[in-house]
Amino acid sequence: MARRDAAAPVIREAAPAKVNLFLQVAGRRPDGYHLLDSLVVFAAVGDVVSATSAPDFSLAIAGDEAPGLIGEDDNLVLRAARALAAAAGVGQCAALHLEKALPVASGIGGGSADAAAALRALTRLWDIPEEVARRVAPQLGADVPACLVGHPLRMTGIGEMIGPAPALPEFGLVLANLRVPVATPDVFRRLAGRFSGPARLPEGWADPAAMAADLARLSNDLEAPAIESCPAIAPVLAALAALPGALLARMSGSGATCFAIMPDASSAARAAALLPASWWRWGGGLAAPPAAPL
Ligand code: C5P
């Protein structure tokens, strides 16, 4: 690992879990990427990325879910750091630290959230324009631009087009995952044309029940192909739907993490404790929007 200067500032950035409240596929581009329509929110749980100046680029990984990354030699955090340095023309490096709390390859951002947090941290550390991070983000993965924003948004295009979300009420989320990684390209391959198309949304919802009722009419088009690839997702969805107070249960992204929409953060926290302790499970509210969204 690179030497750290004990006096150098350490910049910390949260990498909250991304949750797709719905995700409908609208088409497929000639290059194989799919056109999406998704309402994305961020939960108050996630990884943490820290960055400090150092003579070389390095990445140390710790935390409960760190074992899921063992053997990975090209982590997206390091790729993000190198891409940002190149785009900004800064001749600097950084020692990065990733505290991994989110399960790997699980449809809630994970690597994309970490890459976005690294871009935010290094933008601050190197004092470079936020616009450079916005330019680099889409090159790192389809979800990275959304994770860079970090507050509720409507995602279209292949993920790179970010628009405003409808006005959202306060609500809670329970997240659950069996720690079975799902390969995103495999799920998209199995989709085979089962597209719901773009969604029609109101300007906002006054309460969680009204929001869940509208969302129930929409879908995550990747849910059926993900269950075909990983049948263990189905009982997770059933367990979430059966939680007391659950308003809707659905899969996020390409899976395998599923979520329940709950009336509030405290009922979500209580409900999460009812799920099997062997699962990765969490309940609470949404992440606070960053003070100055990128
Ligand atoms: O961009 P990212 O690396 O996250 O995408 C992983 C894979 O998911 C892509 O290689 C592609 O197979 C699929 N994908 C897609 N359409 C998108 C996003 C991802 O087909 N909008």
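**View 1. The largest nonpolar core of this predicted model holds 86 residues.** Leu84, Ala118, Leu119, Val174, Leu240 and Ala260 touch the most other members. A nonpolar core here is a set of buried Ala, Val, Leu, Ile, Met, Phe, Trp, Tyr and Cys residues joined through C-beta atoms within 7 Å. Helix α2 (residues 111-126) gives the most to this core, with 9 residues. Domain 1 (11-162) and domain 2 (167-284) both contribute, so the core lies between them. Helices (DSSP H or I, at least four residues) and strands (DSSP E, at least two) are numbered from the N terminus.

Residue numbers start from 1 along each chain as its sequence is written. The model is predicted: local features need pLDDT of at least 70, side-chain atom pairs count only at pLDDT 80 or more, and totals for chains, interfaces and linings use all residues.

**View 2. Two core members, Leu84 and Leu240, are shown with their contacts.** Two residues are in contact if their C-beta atoms, placed from the backbone, lie within 7 Å. Beyond four places in sequence, Leu84 touches Leu119, Leu122, Val132, Ala133 and Val136. Leu240 sits in helix α8 (residues 233-241). Leu240 is buried because 25 other C-beta atoms lie within 10 Å. Burial counts other C-beta atoms, placed from the backbone, within 10 Å of a residue's own: 20 or more is buried, 12 or fewer is exposed, and in between is partly exposed. The C-alpha atoms of Leu240 and Leu274 are 9.7 Å apart, across 34 residues of chain.

View 3. Domain 1 puts 22 residues into the contact, and domain 2 puts in 31. On the domain 1 side, β1 (11-28) and β2 (34-54) each supply at least two residues. β1 gives the most to that side, with 10 residues. The domain 1 side has 15 nonpolar, 6 polar and 1 charged residues. Ala, Val, Leu, Ile, Met, Phe, Trp, Tyr, Cys and Pro count as nonpolar, Asp, Glu, Lys and Arg as charged, and the others, Gly among them, as polar.

**View 4. The ligand has a shell drawn from domain 1 and domain 2.** Each domain supplies at least three residues. Shell residues include Tyr33, His34, Asp143, Thr184 and Phe188. α5 (184-191) and β2 each supply at least two residues. The largest share, 3 residues, comes from α5. By class, the shell has 6 nonpolar, 5 polar and 1 charged residues.

**View 5. Backbone geometry is shown at Ala105, Ala192 and the Gly255–Ala256 bond.** Most residues other than glycine have a negative phi, and most peptide bonds are trans. Ala105 has a positive phi of about 55°. Ala105 lies in the loop between β4 (93-99) and α2. Ala105 is partly exposed, with 19 other C-beta atoms within 10 Å. Ala192 has a positive phi of about 45°. Ala192 belongs to the loop between α5 and α6 (208-216). Ala192 is exposed, with 9 other C-beta atoms within 10 Å. A cis peptide bond joins Gly255 and Ala256, with omega about 10°. Ala256 lies in the loop between β8 (248-251) and β9 (258-262).

How values were computed:
A residue is near a molecule or strand if its C-beta atom, placed from the backbone, lies within 6 Å of it. Domain bounds come from an automatic or database domain assignment.
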